[in-house]
Amino acid sequence: MAAVDSFQLLYREISRSCSFYFETLALVGALYTASRAVILLRDCCTLVRVHFLPRMIPIKRLTQRFGDWAVIYGASQPVAKAYAEELARHGISIIFVTQDHTSVRDMAAALSQSYGVETVVVLADFSLDHAASKPIKEALRGKDIGFLVNCVDESLASPRSLIEMPEQSLLDLVNKNVAVATLMTRLVLPGMVERSRGAVINISSGACCRPLPGRVTLTASTGYLDHFSRALHLEYSSKGIFVQSLIPFQIASRGGHPSSSTAAPQQGWFAPKPEVYARHAISTLGVSHRTTGYWPHTLQYGLMRCVPEWIWVLGSHVFLSSS
């Protein structure tokens, strides 16, 4: 009994001396839990504000807010084609800038016939450096350009390591996804600044959020486009220009094959059709300058942020070794 009494007495003394530390730890835990709850509530409010309210509340027509014409670069990509079609549905005329006339010729004619808008196809050989800008400047002259859409070209970024990529393919990818997108912005931006309105939309990929094995060039080029958009918005938002970085995740093509950086077996809730994604993305114009454009993708992005990068990298290596 003496041993039991001694243990109880010792336990009470230790508890009394440590009670201050227990209370401090409990307070820290409560504050951390409260901060995470506030962050979760903030993210939920942002989700509703960006993706749901604009689709429920009537807003001014896009032509009144930004302008009558849109310039589309990268229209060979399914998501860019769907975005151009959605703009045409809102009564906006389209200028397609392309290096391959056949890739957009039929689409331009179809948009003009279906929605009664004007369409112009500009052939620009960007291998000629600054000489390629001449026909673009001619097409822009005298037009109220309200939109510029740059879309990253993922067709050049098949999964392979950097040293396996041919040098010419590497140069083409960097030229199309970095240099040309920057040049297009440089050409269109002065007119927008003069009119004090306009929107620059850069469609990259969710691949910029985390490194992906075998996708070095894709993650790097999409990361450039994302950071370029954010810096551009910081510099020109005070001049009436809205710059948006769209970072979609998986988007299924019209034929059922995935068009994004990671393979998906079929269309689904997290892999929408391009036209579904474009309809959602356009509703976020003027609301968020950096978004996935589609609320299930925003949920994916939120979950991805919760995973530490070292766990992401470890899981990528495990997935590659098992495949």
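Reply:

L189 counts as buried because its relative accessibility is 9%; buried here means under 20% relative accessible area, exposed means over 50%, and partly exposed lies in between, with a 1.4 Å probe and protein chains only. The model is predicted, so local features need pLDDT of at least 70 and side-chain atom pairs count only at pLDDT 80 or more, while totals for chains, interfaces and linings use all residues. Residues are numbered from 1 along each chain as its sequence is written, and side-chain values use heavy atoms, with hydrogens and water left out.

L189 sits in helix 7; helices (H or I, at least four residues) and strands (E, at least two) are DSSP runs numbered from the N terminus. Setting aside neighbours within four places in sequence, L189 is in contact with V200, L232, Y236 and I241, where contact means heavy atoms within 4.5 Å. The C-alpha atoms of L189 and I145 are separated by 9.2 Å, although the two residues are 44 apart along the chain.

I145 belongs to strand 4 and stands opposite W69. Strand 4 pairs with strand 1 in the parallel sense over five bridges; two strands pair if DSSP finds at least two bridges between them. Strand 4 also pairs with strand 5, again parallel and over five bridges, and in that pairing N150 stands opposite N202. Seven of the seven residues of strand 4 are buried, so this strand is largely enclosed by the rest of the structure.

Strand 1 (residues 69-73) also runs parallel to strand 2 (residues 93-98), with five bridges joining them; A70 has I94 of strand 2 as its bridge partner. These pairings are part of an open sheet of seven strands, in the order 3-2-1-4-5-6-7 and with parallel pairing. Its edge strands are strand 3 (119-123) and strand 7 (290-291), each of which pairs on one side only. In general, strands of a sheet pair through backbone hydrogen bonds, either parallel or antiparallel.

S196 lies in the loop between helix 7 (167-195) and strand 5. S196 has a positive phi of about 60° although it is not a glycine, and it counts as partly exposed because its relative accessibility is 48%. R197 is found in that loop between helix 7 and strand 5, and with a relative accessible area of 23% R197 is partly exposed. Leaving aside neighbours within four places in sequence, the contacts of R197 include T63, Q64, R65, F66 and G67, as well as D144, M192, K239, G240 and I241. Q64 is 133 residues from R197 in sequence, yet the C-alpha atoms are 9.8 Å apart in space.

Not counting residues up to four places away in sequence, I201 touches Y83, F147, L148, V149, N150, Q244, L246 and L285. I201 is also among the residues that touch the most other members of the largest nonpolar core, which has 33 residues; the others named are I72, Y83, L87, F96, F147 and I203. A nonpolar core is a set of buried Ala, Val, Leu, Ile, Met, Phe, Trp, Tyr and Cys residues joined through side-chain atoms within 4.5 Å. The elements giving two or more residues to this core are strand 1, helix 4 (78-89), strand 2, helix 5 (101-115), strand 4 (145-151), strand 5 (198-203), strand 6 (241-246) and helix 9 (274-283). Helix 4 supplies the largest share, six residues.

Of its 323 residues, 42% are buried. Among contacts between residues at least 6 apart in sequence, 72% join residues at least 24 apart. The chain exposes about 17,300 Å², of which carbon and sulfur atoms supply 62%; accessible areas come from the Shrake-Rupley method with a 1.4 Å probe, and for residues only the protein chains shown count as cover.
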